[in-house]
Amino acid sequence: MHAWIALPVIVVFLWLDHFHLDLFRQVAGGWTGTGRTLALAALGYLPHWLVVVGVAALLAGPRRAAWALGLHRPPVRGFVLALVLTLPMLAALAWHAPLTITVDTPHALLRQAVLPGFGEELLYRGFLFGLLFRFAGWGFLPAALGAALLFGGAHLYQGGDAAEAAGIFALTALGSLWFAWLYVEWENDLWVPVAFHVLMNAWWLLFPAADNALGPGWFVAIRLLVLALSIGVTVIMARRRGGLRIRGRDWLWGGERLRA
């Protein structure tokens, strides 16, 4: 463990988060269709990804950068798991809201599900939480709660009033804690939270039930059901491997054994 890692990780994260999508908005904020999608990928997300991977390479070595960020495993397992466990959400949305497909839907899925689903998990979970917890000696709770507060705060703009903003903050912060826990318990596999994030965003886009991240009460309940199902499956799989990875002092202090 190297406590000094915390400072550059936090500084780089705050710098990236502060300028999130600014270049894209300045250059291509009014574009549509393919041009908007490509500009968002190239100007909005790619620079962040390059910086994150570059910092990970400096801290862990070029050959271990993907491993340090949790990207060293094939994504298939994560997407199969998330697909199965988010089916209740898909079914509930299909029951309550009409399927909405337009000419722009393929691009909207990339812009609102794939790119943010991967980009936010890489920045918040793989980079900020992951490096603090696995390498800087922070416990799960300090690292995960710090990332959750920032993640929740990043979604406050979606609230129309104080009560709605508070609900969005609470729900997204809880989601951040959940994603961090899944990441670690699935053997530091970032593709697991990425898959949940991408698919849940995609179902919401295809069957829009509200115009913000909170949604109606029934949808909050169905997301909590998905969370509960994922926790149950994760605990069962962990027992087959010898037990949960986060236990004892790991909640408050990070440990070398949780790097792998």
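Select helix 5 (residues 76-85) and find its buried residues: Gly78, Leu81, Ala82 and Leu85. Buried means under 20% relative accessible area, exposed over 50%, and partly exposed in between (1.4 Å probe, protein chains only). Look down the axis of helix 5: its buried residues fall within an arc of 95°, so they line one face of the helix. The arc is taken from the directions from the helix axis to the C-beta atoms. Helices are DSSP runs (H or I, at least four residues), numbered from the N terminus.

This is a predicted model, where local features need pLDDT of at least 70 and side-chain atom pairs count only at pLDDT 80 or more, while totals for chains, interfaces and linings use all residues. Residues are numbered from 1 along each chain as its sequence is written, and side-chain values use heavy atoms, without hydrogens and water.

Next, show helix 6 (87-96), helix 10 (191-206) and helix 11, against which the buried residues of helix 5 pack. Contact here means heavy atoms within 4.5 Å.

Now turn to the aromatic rings. Rings of Phe, Tyr and Trp (its six-membered ring) pair if their centres lie within 6.5 Å; planes under 30 degrees apart count as stacked, over 60 as edge-to-face and the rest as tilted. The count comes to 15 aromatic pairs. Select Phe13 and Tyr124, an edge-to-face pair with 5.1 Å centre to centre and 75° between the planes. Phe13 lies in helix 1 (residues 6-18) and Tyr124 in helix 7 (residues 105-134), so the pair ties together parts 111 residues apart in sequence. Phe13 is buried, at 1% relative accessible area, and Tyr124 is buried at 3%.

Last, select Phe129, Phe133, Phe140, Tyr183 and Trp251, which ring pairs link into a cluster.

How values were computed
Helices (H or I, at least four residues) and strands (E, at least two) are DSSP runs, numbered from the N terminus.
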